[in-house]
Structure formats: structure tokens, C-alpha cells
Amino acid sequence: MIAAKGYAGFDAKSPLKHYDFERREVGDHDVLIDVLYCGICHSDIHTVRDEWGGAQYPLVPGHEIVGKVAKVGAKVKKFKVGDKAGVGCMVNSCGECEPCKSDLEQFCNKGSTFTYNSLEDGKVTQGGYSNKIVVTEKFVLKIPDNLELANVAPLLCAGITTYSPLKHWKIGKGDKVGVIGLGGLGHMAVKLAKSFGAHVIVFTTSPKKVEDAKRLGADEVVISKNQNEMQKQLKSIDFIIDTVSAPHDLKSYMELLKRDKTLCMVGVSPEPHEIASGAFIWGRKSLSGSLIGGLAETQEMLDYCGKHGITCDIEKITMDKVNESYERVLKSDVKYRFVIDMQASAL
Ligand code: NAP
Ligand code: ZN
């Protein structure tokens, strides 16, 4: 076994703290990565605080992982020691079912193995708030050389989670796209939708984010609590991506869609939303959802970001600041993703 150290949650209420644990030995198809940076996704907070249920402690969160390859198994082809490498939200899947064969491993019929709080060979997986990780080669991504590594980390979740639905709904020039919530996912939705040629409208509860939203590429910014500003957008939007992490009024956003258009949920509120059927019936509208993206699409997204020089806006922290960073994420006070610098951290 390989000794690893990081930070874990030990129950739903206490702060994360130091944890020594073990990674498996490097198998024939495995890659050992020295983790250099790991982003803090709101899903880490939902999971470690058991807001979705099913938390298994000790729980090392983190699924926006970038680092350097330290060792490869005998049959590994894509990577060699010293290469940059990335790991996102999944570390395995059955590989045989229809979704897996369609490059949609996130929808594996047998259940994907997620990077943390999932079962793999009878052991609970542990995430990227740690100094080392061992992952089967198929689930390790190549990182474009021209991008700043720390700013790439959140692409592994926030990037692909917003890229995938924008691609699926074929967003491009001439489309008016709404982005609800300007956090980690939201700020990437703005950058990506803009890069696809869309007209982007940000809906935010935070007036202090207006200037940033414009700098990130938004054509318009609506303070969602302002009814007058909301009314001006009625029946005018082609696609809405909803990144909000808590319950909110969906009906007021469905009303902003044109006929036959879609609101796609990517935010995973722990409490259910309440919405009456009229919101869909009037205008034949759809409420949909999207979960991260498959491996091939994640690689496509990374390559696209490399080609277009797109990365995340981050605040770099050391591990000892992880608990206070969680509190700031909960207050919508992060520009726009915290990224843990593993080498600068005393683990
Ligand atoms: P985040 O950085 O905290 O951003 C969420 C944003 O939502 C906040 O910045 C805030 O934006 C807005 N918001 C928060 N609470 C709100 C409330 N009560 N009412 C209205 N707006 C509110 O979180 P994130 O990391 O981007 O993740 C967002 C959600 O997506 C989380 O639930 C996460 O678990 C989920 N997620 C899903 C997937 C997937 O595959 N579907 C992948 C990753 C994450 P403003 O200040 O601009 O209003
Ligand atoms: Zn995430």
C-alpha cells in the first residue's frame, strides 16, 4: 500500500482535519499522481456535511484534481512519469453497459465509481484533498500544456458540468443563454457559453458580482431579486443553466424561456424544489438536468480550453484554510473557485 495524507471529514458537523490513509499499490493499468492542486466544489460541502445522505467517514473530498504522474503500471500507455494529469469526479465504471459504451460513464447502469465516497473493490474511495491518488489510466485526463495548472483544476468538475449541457443543447451563435448563480459552475458557464458565441445573461442574488459577471463575459446581468429586471427578460431566453446549490423559485425562471426551450438544472439542492405543472404546459417548456460529463467529453473540454485559453478564476489556499473556505463558499464569497495548493500545505 502507498501512504497518503490529506484532510477528511469525520462526521457531518465537525471541521475537516488531518487524516493519514492508504492508496492501493499501482496495478498494471494504474497511474499514481502526486496531487498539486485540488479545487473546492460545492458538492464537497454537500457530501462531507451529509446533506445528500450516504456519507461514509472518514471522508476525503475533492474531485477537481491536477498533478504530476509519479509512477505508472506496466500496461499504461497514455502517461509517463512527469506528465501532467487530471482526475475529475469519477475513477471507474463498469465499461460494458450501454451508457459506458456511449462514452457516458457518469450514467453507468451499474453505478459509476465516484472519486470519493464511492465503493471500489470493497473500499470507500477518497478524493483529492490529499497528496497522492492512484487511478486507473482510462479515468486520468491529459492536461493542455499551455494552461496554468492551478487554474485548470476546477475544469475537471465545474468546467465539464457546464460544457456538457451547453454542447448537448447545441448552444451557439444567436442563442440567448441564462446562467443562474455566479459561483464555481456559474462563472465557467459564462466563459464557455460566451466562447460558443452565445449572448449571456447572468442571474445573480449578489449585486456585488455585477462588474465581475461582465468582466467574465456576460452581456447582461440581472439581480434576480429585482422583479422589474426579471420581467424584462420574459419569454426571451433560449436555454437556462441553473447552478444554484439551494432551493429557489424555478417558476420565475421557466417564465423567461421562449416556447419549447429548456432550463437545465446542474445545481443539486439538498431539498426538493416545488413547481406547478403550469410552468411546463404554458409554452411546452422542459425542465431538465445534467451530470458532469463522460471521459471523452471531459478530454474534449480540456483540449477546447487549451485551444481557447480558457481557465477558472481561482483563489489559491493552503489546506489549513479549507474549513473557513467552506464558510465563504456558503456565503457566495469566492472568486470564483478555491483551489488548494497541496505543495504549499502542511499536511
Ligand atoms: P457555488 O460556487 O457555491 O455557486 C453557487 C451559486 O449559487 C452561488 O455563488 C450563488 O450565486 C448562488 N446561490 C447560492 N445559494 C443561493 C440561494 N439560496 N438562492 C439563490 N442563489 C443562490 O457552488 P458550485 O460549486 O458552483 O456548485 C453549484 C451546485 O452545483 C452545487 O449544488 C453542486 O453540488 C452542484 N454540482 C453539480 C454537478 C453536476 O454534475 N450536476 C457538478 C458539480 C456541482 P449568486 O451569488 O450569483 O447568486
Ligand atoms: Zn464538483
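Predicted model: local features only at pLDDT ≥ 70, side-chain atom pairs only at ≥ 80, totals over all residues.
Contact is taken here as heavy atoms within 4.5 Å.

In helix α11 (residues 322-330), the buried residues are V322, S325, Y326 and V329. These residues cover an arc of only 105° around the axis and therefore lie on the same side of α11. The elements against which they pack are β1 (2-8), α1, β18 (314-317) and β19 (337-341). Just after α11, S332 adopts a positive phi of about 55°.

Helix α10 (residues 295-308) comprises 14 residues and spans 20 Å from its first C-alpha to its last, close to the 20 Å expected at 1.5 Å a residue. Its buried residues are L295, E297, T298, Q299, M301, L302, Y304, C305 and G306. The cover over the buried residues of α10 includes β11 (141-142), α3 (149-152), α4 (158-168) and α5 (184-195). G309, which follows α10, has a positive phi near 65°.

The zinc ion (ligand 2) has C41 (SG), H63 (NE2) and C157 (SG) as its protein donors, at 2.0 to 2.2 Å. Along the chain, the donors show the spacing C-x21-H-x93-C. C41 is located in the loop between β3 (30-39) and α1 (42-48), and H63 in the loop between α1 and β4 (65-72), so the pair ties together parts that are 22 residues apart in sequence. With buried defined as under 20% relative accessible area, C41 is buried because its value is 3%, and H63 is buried because its value is 8%.

Technical notes
Residues numbered from 1 in each chain as written. Chains lettered and ligands numbered in written order. Heavy atoms only, no water. Helix = DSSP H or I, 4+ residues; strand = E, 2+ residues; numbered from the N terminus. Expected span 1.5 Å × (residues − 1). Buried < 20%, exposed > 50% of the residue type's maximum accessible area, 1.4 Å probe, protein only. Donors = N, O, S within 2.8 Å, 3.2 Å for Na, K, Ca; no water. Arc of directions from axis to C-beta.
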